[in-house]
Amino acid sequence: MPSTDTLFNQRIDSRRRRGKVMAGVLFVCTILGLVVLATLIVDVVLTGAPWLSREFITGFPRSTAEASGIWPAIIGSLYLMLVVAAVAVPLGVGAALYLEEYARDNWLARLIQININNLAGVPSVVYGILGLGVFVYLFGFGNSLLAAGLTLSLLVLPIIVISSQEAIRSIPQGVRESAYALGATRSQVIWSHVLPIAMPGILTGVILSLSRAVGETAPLVLVGAALAINFTPAHLLDEFTAIPMLIFQWTEEPGVAFRELAAAAIIVLLAFLILTNLTAILLRNYLEQERSA
Amino acid sequence: MPSTDTTQMSPAQPVPQPPSGGTSGNGAVDYSTNLEWSLRERIVQVLLGACALLTIGTTLGIVGILLYESFSFFLSVGIFDFLLGTEWRFAGVEPSFGVLPLVAGTMLITVIAALVGLPLGLGAAIYISQYASRPARKVLKPALEVLAGVPTVVYGYFALTFVSGVIIQGIDPSLPPLNALSAGLVVGVMIIPMVASVSEDALRAVPSSLSDGAYALGATKIEVVMKVVVPAALSGIIASFILAISRAIGETMIVAIAAGATANLTVNPLESIQTMTGFIVQVAKGDIDQGTLSYQSLFAVGLLLYIITLGMNLLATWLTRRFQEQY
């Protein structure tokens, strides 16, 4: 029957060979992104490491690269993280609890859910515009730590809500039912069962969103974070700068020296992020052990 | 007695103190007062509900402020002059607000990013979901997530100093240091993890009976993957593409740093261009006074950006939902 060979190539060897080549191509696709990442890290470390010094960490931004430091930016980034943690975490976990434990399947709950998913896809620069229009001018907070912190809080809110929802949803219904059977009310079930059991998942989402907030630049540019200031912010309505802002400014500065300084600031930022993520992993492991023990 | 109050557990017993929140572990809590609709329960529900409603407030705030300032802008600049104009000069004596050069710049970046990011992301998703061994997957997935965790300002630095400064100018030193190509390539790398993770979920959701059937008919692994699994997951894969493109359109710092600040109606990737997001950053970087035309133009461009990305995100959600119903 000569007609069947039109449907597929009968030489199994060549088909297998083709499969092996394709598998290699797919592997290269997977690795290529990681190669770029490795190149980035090596490039940044080689360029920036010679600039890392005690004076760089504890110094203030100056007009020459040699005399510049990033201390106010480190403090600014830490304060921003605190504001986001204080504002976005309770709001995000609260919204997740409402959606998972209270909301019935009605139009309002669906609207809120769709809205949260869409908010997660809004470009960060649009949040910056919101912050500029509402917090900086409408509420009159000015180019302050508070305006930037609130903007970043709204930016990471959907991430916290979605990850908390997943953590809460993964709790077996039987846990709640056993508590209800003993006469606990909803809020008691939430406080004594749902929150403690969901805590590792919630914390992971929270810390991931905090590290996202620390790396964001565009919203800070929009709310008018200072490029270089020679003081650390003293209160919420003070001007401030943050590590990503200095990276941005120094990258744009003419001259090789400032670019190398930007690389040094990137090392600090990446170290900051690695530290927060490491904390997240360790904390989650600890809490999970605590629970199973 | 036909009791209507099913939440009352024990016989009526006058207990004045409020429930202590279940924190007591010694059994001293008297649950008889823990009525489902006690004041305390209502307060908790209202507070949590308010948190959920705040997310709606965020959207209303975004839409409200964008529409409000854009409205003032469109009182001075005609909406068609804005959408169809080919000259963008926001400063100077004779400003012109035709947004097409910014849209073209955004498109150019997006196309380059898509050419890089979509195939690499899909390839990674196929490899991780179909080929990688369990330990390999355990390493590769988090490693790709690291790629998504790198702040975009760091990518911007890398695009300018390495991709443009070392590679592109290494090939031809006469090329401009700020160009669409270097920014687009790096945006492409940035969207790889997004394509990979969403596509991988779609590929994993394909029931094994489909691939088993193909193997039974004598297909090789690559034939099963390419002709059965990938087509079955197609709507999810397309959703991941749309999400990634939407991300590329909204990406800001990479283009603000590496693509340039010349609103330029061109398709040449080696020229300096400006995107919608790049313009927003450029205006915001300078001191902007509220109420000026350039301040308002920032909101008009922001509104256009918001509408485009929102439309794409909704489309992706719709596609994902359709695909989930299939099996």
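What percentage of the contacts in chain B with a separation of 6 or more comes from residues 24 or more positions apart? It's 69%, where a contact means heavy atoms within 4.5 Å.

A quick note before the views: this is a predicted model, in which local features need pLDDT of at least 70 and side-chain atom pairs count only at pLDDT 80 or more, while totals for chains, interfaces and linings use all residues. Residues are numbered from 1 along each chain as its sequence is written, chains are lettered from A and ligands numbered from 1 in the order in which they are written, and side-chain values use heavy atoms, with hydrogens and water left out.

**View 1. Chain B from end to end.** Chain B has twelve helices and two strands. (Both are DSSP runs numbered from the N terminus: helices are H or I with at least four residues, strands are E with at least two.) Follow the sequence and you'll read α-α-β-β-α-α-α-α-α-α-α-α-α-α. Of the 327 residues in chain B, 50% are buried. Here, buried means under 20% relative accessible area, exposed means over 50%, and partly exposed is in between, using a 1.4 Å probe and protein chains only. The accessible surface of chain B is about 15000 Å², and carbon and sulfur atoms own 65% of that. Those areas come from the Shrake-Rupley method with a 1.4 Å probe, and for residues only the protein chains shown count as cover.

**View 2. Where chain A meets chain B.** Chain A brings 78 residues to the contact and chain B brings 83. Together the two chains bury about 6800 Å², with 75% of it on carbon and sulfur atoms. (Buried area is the accessible area, with a 1.4 Å probe, that two parts lose on being put together, summed over both.) The size of an interface is often given in just this way, as the accessible area lost when the parts come together. Two salt bridges run between chain A and chain B. A salt bridge is a side-chain nitrogen of Lys or Arg within 4 Å of a carboxyl oxygen of Asp or Glu.

View 3. Zoom in on Glu223(B) and Arg15(A), whose side chains form a salt bridge at 2.8 Å, N to O. Glu223(B) sits in helix H8 (residues 221–232) of chain B, and Arg15(A) sits in helix H1 (residues 12–48) of chain A. Both Glu223(B) and Arg15(A) are buried.

View 4. Now look at Lys285(B) and Glu252(A), another salt bridge, with the closest N and O atoms 2.7 Å apart. Lys285(B) belongs to helix H11 (residues 276–285) of chain B and Glu252(A) to helix H10 (residues 243–252) of chain A, so this pair joins two chains. Lys285(B) counts as partly exposed because its relative accessible area is 38%. Glu252(A) is partly exposed too, at 33% relative accessibility.

**View 5. A salt bridge inside chain A.** Glu216(A) pairs up with Arg212(A), and their closest N and O atoms are 3.0 Å apart. At 8% relative accessibility, Glu216(A) is buried, whereas Arg212(A), at 34%, is partly exposed. Over all chains, the structure holds nine salt bridges.

View 6. Helix H8 (residues 186–215) of chain A spans only 38 Å between its end C-alpha atoms, while a straight helix of 30 residues would span 44 Å at 1.5 Å a residue. (The expected span is 1.5 Å times one less than the number of residues.) H8(A) bends by about 60 degrees at Met199(A), and Pro200(A) follows within four residues. The bend is the angle between axes fitted to the seven residues ending there and the seven starting there.

**View 7. Ala226(A) and helix H10 of chain A.** You'll find Ala226(A) in the loop between helix H9 (218–222) and H10 of chain A. Ala226(A) is buried, at 10% relative accessibility. Leaving aside neighbours within four places in sequence, Ala226(A) contacts Glu239(A), Phe240(A), Thr241(A) and Met245(A). As for H10(A), nine of its ten residues are buried, including Met245(A), Phe248(A) and Trp250(A).

**View 8. Leu157(A) and what it touches.** Leu157(A) is part of helix H6 (residues 145–169) of chain A. With a relative accessible area of 3%, Leu157(A) is buried. Not counting residues up to four places away in sequence, Leu157(A) touches Ala88(A), Leu91(A), Gly92(A), Leu54(B) and Thr55(B).
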